[in-house]
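Hi,

Here is the model I said I would pass on.

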Amino acid sequence: MQHLIQGTALALALALSAPARAQGTPVANEQFVPVPSYRVGPYAAAGTSVFGGFIDYMNFINVRDGGINGVKLTWEECETSYTVDKGLPCYEKLKGHPPTGASMFSFYSTAIVYAVLDRAGTDKVPLVTIVHGRTDASDGRVFPYVFPLMTNYWSQNTDIVKFIGMRSGGMDKLKGQKIVHLYLDVAYGKEPNEIFLKQAAMYGFEAKLVPVPPPGTDQQSQWLEIRQFAPDWVIVTGYGVMNPAMLKAAARANYPRDHVIGNFWTGSEEDTIPAGDAAVNYISSLINPAGTDFKIIQDIQKVLYDKGLGNMTDKSRIGSVLYNRGIMTGIITVEAIRTAQGKYGKKPLTGEQTRWGLENLNLDDKRIAQLGATGLIQPLKVTCADHEGGGAVKFQQWDGKKWKIISDWIQPDRKLVRDMVEASAAKYAAEKGITPRDCSKGG
Amino acid sequence: MLYREAGQFRTSYRADQRIFPIVQDRVAMGALLLVAFVAIPLWGNQYLLSALLIPCLILSLATLGLNILTGYAGQLSLGTAGFMAVGAFAAYGFQLRTPHVPLLVAFLLSGLCAAAVGTAFGLPSLRIKGLYLAVATLASQFFIEWLFTRVGWFSNDSSSGVINAQAMVIAGVPLDTPVRRYLLVLSVVSVLALAAKNLVRSRAGRAWMAVRDMDVAAEVIGIPMLRTKLSAFAISSFYCGVAGALWAFAHLRSVEPQEFDLTRSFQILTMVIIGGMGSVLGSFLGAGFIILLPLLLQSAMQGAFGNALRPGLEPNIEQFVFGSLIILFLILEPQGLARLWQVTKEKLRLWPFPH
């Protein structure tokens, strides 16, 4: 009995002293990055590639450079299954992770971004929403903590319409054409509708919106509708299992695939390979090309995969569009932290500090070349008012085996997009009672 | 031993009709409320409040709503999430277009809107029963989701159909912290749960149960079918509507109609079945099981394996374990967790001398 009491007392004392000891030690020289990934569910094929690439890049920086200026990157995965129900707890769980809290979140799920948008501002944790999330968050004055970097749905839509104009032989040739927007009927899919209809009025083409109920595996009635409408072009905003189903349905409807243009979430190997021959000649936009020819991808293969440290179990997917998007996310995360270190010192930073890094991120051609990512990402310059940065996309065509780039960077209709972004952000600010920041004051 | 009720005599009808006739139950309930209202707001962290308790309580309320309809009145419904959506969008609309209406009144009105819609979609229940009724309510689910997605007026012409809940203020106090939001949710849920508990013990509740057990017999003894069935639909939808409004305002704050899709309806139906049909307690247990268990599993897996496993294996194992647990519980106790609790209580009463 005596032993038991002593033992219990000892255990209790140890348990109680553990947190105290942790407080006593100096803060670990680590920068925490949350990884809210999705590896199960209908979007798992995309999630494993994006987050696999993301983790690989951070691991690569740790192994090759020993972290960012000596500050090691740490991360923890949390399964969101692309759902708000799981994504929100992930956010709450990881936002305050030691030593200095979450650097920034990249959810790659528009629905989750919407759900945490409000919280991120209050908690001072940046949300990096590269080509997903809320479009009008590009107005950094109203959304200081949200960064829809690279391009947003509206810029991209103007890119696609411009591409169609180029293919038709000039923007004036758009007049009288018929264009369908086929989209996954969730917030993400509906984002481009407004600007699409606006552009239809501008250029005089006939627009038709065709929603596909999620997850989008059955599109028979939609393609029947499309066939009756007989459009010149079909723009697709899809994701996950909807995409191969879309290509197969288009083939069944005998619609020419080289007139189907997917957006940047509708153009990866995960979408075309399952569709087989149905995908040949299909066109999609891209913000980062596929391929393993880039120096950074080859370095990662050398430094990580040759030593068995890589995150991808299916090595054939290294260099896929979505894997490379993960690498891009890694580059932006690391470079934003590096930028912030320039101001706040080479130590673990808080979300508020990395936010400054994101807002002052400037990736020019020279820096991109240093990173070994020439051709992989476009130059990016973020400012206080403009949280988008780039805006351009390229186009690619599937030849049955791989994607072939068929255009240069196509620039968006900046004025149109920016006006709409500001109007929409102002409406949001009015609804929520937010006073937009004054960007001329610096900060 | 602790649960012995020897010496507790009920000497009046009032004492006999109490919700908790046993002293220990009353003490336990008081302690639970004390923990929920005082201890948790004082010491709970943000994760506990905003990721676990708030969603869990709100879905308990929705489950309670469905339990009134399915568990007590025996009308199977797959439209729960649709009625939640009505509540959410109505509350948003009231706050947007009639800003002078106090928040709690707006919640009440949005519950009434949901009740009206629920009653309308409950009309088929007068002619059809069981699975056929479930299919009819399925139509309401799809119709409501379609309506909020397609008609811009409901979302104030938001391009993506997403509504942004307005800031909540009650009597000049802004509910801007997780603790305050939690207290709001807890208060609403407590009051409505108490109301439900009393409702099902009243004449209305007995009428519902009579209809559930055999509607022909109920009609023969003079229970009006129209009023009973439609009142069940109305009150159930009211609960779901208020839950939806809370979901939009106190939990997510930016909601798209797809947040209230068929999956949500099934989730709530699962909560009713796991928790126990026709039990107020079961609604809470069911919601807790479905919401909290996966998160606990996630933490447990993280603790047990860390980053040692092949990436992606962990979430798959979690799903596997969670699914197995549901099957296991349904085999062990097909009548739900509430029944399990009841059995435990019976045993505790006799312990340590079972006959």
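First the housekeeping. This is a predicted model, where local features need pLDDT of at least 70 and side-chain atom pairs count only at pLDDT 80 or more, while totals for chains, interfaces and linings use all residues. Residues are numbered from 1 along each chain as its sequence is written, and chains are lettered from A and ligands numbered from 1 in the order in which they are written. Helices (H or I, at least four residues) and strands (E, at least two) are DSSP runs, numbered from the N terminus.

Let's start with helix α15 of chain A, residues 414-432. Its 19 residues should span 27 Å at 1.5 Å a residue, and the end C-alpha atoms are 26 Å apart, which agrees. (The expected span is 1.5 Å times one less than the number of residues.) Which residues of α15(A) are buried? They are A:Val417, A:Val421, A:Ser424, A:Ala425 and A:Tyr428. Looking down the axis of α15(A), these buried residues fall within an arc of 100°, so they line one face of the helix; the arc is that of the directions from the helix axis to the C-beta atoms. Buried here means 20 or more other C-beta atoms within 10 Å of the residue's own, exposed means 12 or fewer, and partly exposed is in between, with C-beta atoms placed from the backbone. On the other side of α15(A), the exposed residues are A:Lys415, A:Asp419, A:Ala423 and A:Ala430.

The buried residues of α15(A) pack against α5 (153-168) of chain A together with β1 (163-164) of chain B. After α15(A) comes A:Gly433, with a positive phi near 70°.

That brings in the other chain. In total, 30 residues of chain A are in contact with 26 residues of chain B (contact: C-beta atoms, placed from the backbone, within 7 Å). Among the elements that give two or more residues to the chain A side are α2 (44-65), α7 (193-203) and α15 of chain A. By class, that side has 12 nonpolar, seven polar and 11 charged residues. (Ala, Val, Leu, Ile, Met, Phe, Trp, Tyr, Cys and Pro count as nonpolar, Asp, Glu, Lys and Arg as charged, and the others, Gly among them, as polar.)

Now the strands. Chain A has an open sheet of seven strands in the order β6-β5-β7-β8-β9-β12-β13, with mixed pairing; two strands pair if DSSP finds at least two bridges between them. Its edge strands, each pairing on one side only, are β6 (206-212) and β13 (403-405) of chain A.

Within that sheet, β9(A) (283-286) and β12(A) (394-398) pair in the antiparallel sense over four bridges, and A:Ser285 stands opposite A:Phe395 of β12(A). Four of the five residues of β12(A) are buried. β12(A) also pairs with β13(A), antiparallel, over three bridges, with A:Gln396 opposite A:Ile405. These two strands form a hairpin with four residues between them, and A:Gly400 in the turn has a positive phi of about 105°.

Elsewhere, β1(A) (30-35) has five of its six residues buried and pairs in the parallel sense with β2(A) (72-77) over six bridges.

Last, A:Asn59 in helix α2 of chain A: A:Asn59 is partly exposed, with 19 other C-beta atoms within 10 Å. It touches A:Leu304 and A:Leu309, not counting residues up to four places away in sequence.

Cheers

Note on methods. The expected span of a helix is 1.5 Å times one less than its number of residues. Two residues are in contact if their C-beta atoms, placed from the backbone, lie within 7 Å.
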